[in-house]
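Hi,

Here is the structure I promised to pass on. Have a look, and my notes follow below.

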2 protein chains.
Amino acid sequence: MTDDNYQDPNPTRERFSFSISETDGAARTGEIEMKRGSIRTPAFMPVGTAGTVKGMLPENVEELGADIILGNTYHLMLRPTAERVYALGGLHKFMNWQKPILTDSGGFQVMSLSDLRKMSEEGVEFKSHIDGSKHMMSPERSMEIQRLLGSDIIMAFDECTPYPATYDQAKDSMELSMRWAQRSRDGFDEGKDHASIAALFGIVQGSVYEDLRETSIKALSEIGFDGYAVGGLAVGEGQEMMFKVLDFTMPKMPTEAPRYLMGVGKPDDIVGAVERGIDMFDCVMPTRSGRTGQAFTWGGAINMKNARHKEDPRPIEEKCGCPACTKYSRAYIHHLIRAGEMLGSILLTWHNLAFYQDLMTGLREAIGQKRLKEHAEQFRADYARGDIDPL
Amino acid sequence: MTDDNYQDPNPTRERFSFSISETDGAARTGEIEMKRGSIRTPAFMPVGTAGTVKGMLPENVEELGADIILGNTYHLMLRPTAERVYALGGLHKFMNWQKPILTDSGGFQVMSLSDLRKMSEEGVEFKSHIDGSKHMMSPERSMEIQRLLGSDIIMAFDECTPYPATYDQAKDSMELSMRWAQRSRDGFDEGKDHASIAALFGIVQGSVYEDLRETSIKALSEIGFDGYAVGGLAVGEGQEMMFKVLDFTMPKMPTEAPRYLMGVGKPDDIVGAVERGIDMFDCVMPTRSGRTGQAFTWGGAINMKNARHKEDPRPIEEKCGCPACTKYSRAYIHHLIRAGEMLGSILLTWHNLAFYQDLMTGLREAIGQKRLKEHAEQFRADYARGDIDPL
């Protein structure tokens with residue numbers, strides 16, 4: 001008998017397919033089809049860490065054009081726990097989001113947020129940063145948690161190689177991740193009901209070393225995944241190094257599967273990565289920077305706390321159709337942020353998510369019309385005029 | 001030439017009228033008509049202290065059935081300042097709320113929130129709790145500020161007599177407030193353009209002393225106001241004493257004008273006050289308690305932080321049509337509140353405001369059908385089953 005939580009949400013749709021409708025240089029635009037909906041690529045996935053895109057109703061996230069959101073395995077396994085989410089019908093029902101959800105493997109946050117970690121071939125022992133409780137995370141457990149959540153795109157459990165790493169450190173770490181990738185594949189496949197409606201992505205590691213990245217791609221390709229992520233970037237190496245790594249990594253990646261750059265990034269990071277062939281992104285930047293008073297505009301990022309906005313009747317961004325821009329002035333949003341009002345965070349988050357989705361729409365259209373180079377150059381020229389380097 | 005900010009928003013509507021459609025004992029139901037819209041009474045006014053009903057979009061506050069909201073003069077005069085709100089087109093435009101707004105006079109918050117107060121016949125000198133800047137508040141200045149904000153219902157500047165007060169203290173305080181009431185009337189009338197589209201309410205003081213309340217009502221009636229508020233209650237005297245004061249005050253109030261009980265209150269306070277003839281209420285309770293994890297249900301107030309909700313798939317209140325109740329489980333909202341997620345505050349605020357509006361709808365219908373007594377008794381019997389006494 002099929003587990004109720006894993007009943008096929010739409011028998012008329014494929015489990016997973018990716019079609020590229022147009023290419024422009026290394027860039028591609030297309031669509032991922034999944035049981036719970038289609039994902040237009042290049043795609044930006046808003047981050048819903050603990051079962052909520054902070055400050056937003058899910059229907060509003062959807063209205064902005066998000067086809068998929070990301071949930072964090074580490075946060076959800078600790079609170080409310082994957083078992084409780086499962087008992088309540090899965091993450092989609094719990095948080096009232098019916099489109100696809102991608103969950104990370106928990107590996108990155110286990111290393112960056114938890115206390116008292118102990119790594120071994122088996123996995124990672126750690127203590128919760130919330131209540132000090134002890135947990136063991138392994139490829140098998142990560143697959144189980146992501147399955148309990150009912151995720152649509154499950155990420156393999158890996159070690160995000162710290163930056164900087166020596167060649168030997170990066171090699172050892174990548175090789176461990178590749179052994180864990182095989183165990184992730186096996187663990188995913190064991191959950192047959194769920195595996196028939198969900199997808200599994202592998203994660204390329206290898207730090208800044210070209211041959212290690214190549215070895216990692218080969219290892220993952222041999223195992224076989226629905227999509228391939230580039231991991232270990234956006235961890236402090238800077239945009240120049242990140243693009244350099246993409247420059248030698250992307251040409252070696254499978255072309256027929258989606259490519260996902262994890263945790264990226266600033267708008268100009270995304271534009272540069274799309275030019276290099278990336279199809280999917282996630283980042284807390286639009287949501288987090290919204291809560292700290294930053295707003296994205298086509299003329300660059302601005303700090304809404306700045307006194308120069310206090311009497312400005314204009315919207316944040318004239319060309320934006322979001323509620324923050326169509327109904328409110330910069331002066332009002334400045335006031336809300338200064339007064340610590342929740343609505344300030346809500347409106348800026350809303351606008352920033354709208355901006356990111358509009359950014360992706362523009363990139364998809366430019367690729368579709370084979371004018372990505374001019375589009376990207378115009379974007380960079382305009383965007384460089386901003387006040388601030390965003391968070 | 002008419003000031004743009006005070007152009008008649010709707011020449012086809014009266015400045016102010018109040019019609020009572022039905023009475024039931026001392027209770028009445030009816031409608032206040034104003035330039036910016038009608039207010040069904042008894043009415044609950046959500047509090048939008050600093051130009052925002054905390055955590056809510058104004059269109060959602062309106063959808064819940066609010067015909068009017070309250071803004072706080074004290075907060076707005078300090079930040080962003082009344083002059084800036086005026087320059088930006090007035091409070092309605094600033095915060096995107098086109099229905100009526102009532103502003104308090106600032107008197108209550110000057111006394112409860114500011115530093116270094118110095119009271120005189122002229123008014124109150126005080127220092128801002130935000131930045132220490134010095135200000136003078138007087139009946140004339142309060143009228144000017146409320147006019148700059150573009151308020152629809154302006155409250156006379158008074159002293160909210162502290163509780164407890166001796167007879168002599170209460171008498172002196174009330175007499176000062178009555179002199180200030182005349183100065184408020186004069187100040188309001190001087191702003192001719194605004195006075196032609198707005199209304200002015202007087203405030204009855206006199207603490208718990210029947211003859212002082214009577215004297216106050218007579219003094220205000222002689223000056224003449226569009227509505228009459230009962231002030232100096234909900235300041236620590238408790239429900240029993242509050243009802244006792246209403247019992248001897250309400251029969252002396254003008255019957256043809258709306259009666260407003262300031263700062264009240266819990267749902268059962270409101271029901272009891274409606275039975276005694278009150279037409280309008282405002283209170284931070286639904287919004288503030290929402291942010292601290294409390295939810296109102298017809299079976300009483302409950303604390304959503306409580307572990308008993310952690311696996312409960314039911315909505316907060318089965319009989320509620322708000323988004324929190326139609327789309328989410330108690331378990332999810334419990335999770336959000338425990339995790340400190342903004343969406344938890346948003347959904348609980350939303351629900352609590354829906355509950356308060358539903359409470360008023362039920363009271364209006366019961367009065368209309370002359371069955372308020374049974375309705376109120378049933379409400380009290382059900383409501384007493386709650387976990388907690390709300391904030």
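How many residue pairs are in polar contact between chain A and chain B? The count is 10, with both residues at pLDDT 80 or more. A polar contact here is a pair of N or O atoms within 3.5 Å; within protein, one must be able to donate a hydrogen and the other to accept it, and residues adjacent in sequence count only if both atoms are side-chain atoms.

Some housekeeping: this is a predicted model, where local features need pLDDT of at least 70 and side-chain atom pairs pLDDT 80 or more, while totals for chains, interfaces and linings use all residues. Residues are numbered from 1 along each chain as its sequence is written, chains are lettered from A in the order in which they are written, and side-chain values use heavy atoms, leaving out hydrogens and water.

Back to the interface: 35 residues of chain A are in contact with 35 of chain B (heavy atoms within 4.5 Å). By class, chain A's side has 19 nonpolar, six polar and 10 charged residues (Asp, Glu, Lys and Arg are charged; Ala, Val, Leu, Ile, Met, Phe, Trp, Tyr, Cys and Pro nonpolar; the others, Gly among them, polar).

The rule also finds six salt bridges across the interface, meaning a side-chain nitrogen of Lys or Arg within 4 Å of a carboxyl oxygen of Asp or Glu. A:Arg84 and B:Glu311 meet in a salt bridge at 3.6 Å, N to O.

Lastly, B:Gly340 counts as exposed because its relative accessibility is 65% (exposed is over 50%, buried under 20%, partly exposed in between; 1.4 Å probe, protein chains only). B:Gly340 and B:Thr292 are 48 residues apart in sequence and 9.9 Å apart in space, C-alpha to C-alpha.

Cheers
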